[in-house]
Amino acid sequence: MSDREFQGYVNVTQDTGQTMFTLRATLSSTKIKAAIKLATGVAVPKRGSCHVVGGCALAWMSPDELLVMAPIAQAEKLRVSLDVALSEEHVLLEDVSDARAKFILSGTNVREVLAKLAPMDTHPEKFPVGSFNRTRFAQVAGAVFLEQDDLVSVICFRSVQDYVYALFCDAATHGSEVLVRE
Amino acid sequence: MLILNCPYCGCDKDETELAAGGEAHLKRFGPGSSDQDFEEYLFERTNPKGLHFERWRCAFGCGKWFHAARCTATLEVFGTYKAQTLEPPKVIKDVITTKRPGWSWRNFS
């Protein structure tokens, strides 16, 4: 699937250049946290947030689960370094790149487009830059990462990627703005 | 519309993001228990109008089960707490005592 793009009052782009790993581990363990940081170069994020260093991102999925994201070119190296760093620990590391899809929304009104589709509070006080939230887009599960005030990553299952892409394109269509901004 | 704060995610979740799990603090009677205990465990549920303790799952979020204390008549939420407990924590009980003095639910009060 090639990258597709939609131009609306918020732009929607599919990013197919990402690899994703699910990492389940006891994230309260300082030993495990140190090993993850050693392998990825990224500090384990606090709940509800995502850290990015040099293209590699760690997102908080649940008290015992992280989502590791990186450019596809780094996938093999990342996999090996995580395997080595966590070889002594009881963890689960699985490549889920082919099970997930990632979209990028950009534009000043990204919060509004998110609010149209997800039952979450997108106000800057409740959802500041760096936040990561697992929620629901219309009928399917998904996750949101607010990278910048006008840049959002949306992650969903690949089996529903066409549905999610169509949802966001529809919500971002010119003329469907809810708030009029000067 | 019910909004519960998931104690694992630490953020508010809409009812549509959650899965209801029925009455909380049940004691399981499995193999080896008497027929009556098993029947009560399986079928007998309190269905109060007012204060109730329930199990909820953060289905579209972290996937964890948690407990909620709320009023079934007014939908007021007294608090949510993690599931790794046999009874409601004191902070939750104190909130309920403030708002519903003299409350009782099953053997808790």
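Predicted model: local features only at pLDDT ≥ 70, side-chain atom pairs only at ≥ 80, totals over all residues.
Trainee: Which sense do β8 and β11 of chain A pair in, and over how many bridges?
Mentor: Strand β8 (residues 100-106) and strand β11 (residues 151-157) of chain A are antiparallel, with seven bridges between them. Two strands pair if DSSP finds at least two bridges, and strands are DSSP runs of E, at least two residues, while helices are H or I runs of at least four, numbered from the N terminus.

Trainee: What stands opposite I104(A) in β11(A)?
Mentor: That's S153(A).

Trainee: New topic: how many salt bridges over all chains?
Mentor: 15, each a side-chain nitrogen of Lys or Arg within 4 Å of a carboxyl oxygen of Asp or Glu. One of them joins D149(A) and R111(A), at 2.8 Å from N to O.

Trainee: Where do D149(A) and R111(A) lie?
Mentor: D149(A) is in the loop between β10 (140-148) and β11 of chain A and R111(A) is in helix α3 (residues 110-117), so the pair ties together parts 38 residues apart in sequence.

Trainee: Is R111(A) buried or exposed?
Mentor: R111(A) is buried at 12% relative accessibility, whereas D149(A) is partly exposed at 46%. Buried is under 20% relative accessible area, exposed over 50%, partly exposed in between (1.4 Å probe, protein chains only).

Key: Residues numbered from 1 in each chain as written. Chains lettered and ligands numbered in written order. Heavy atoms only, no water.
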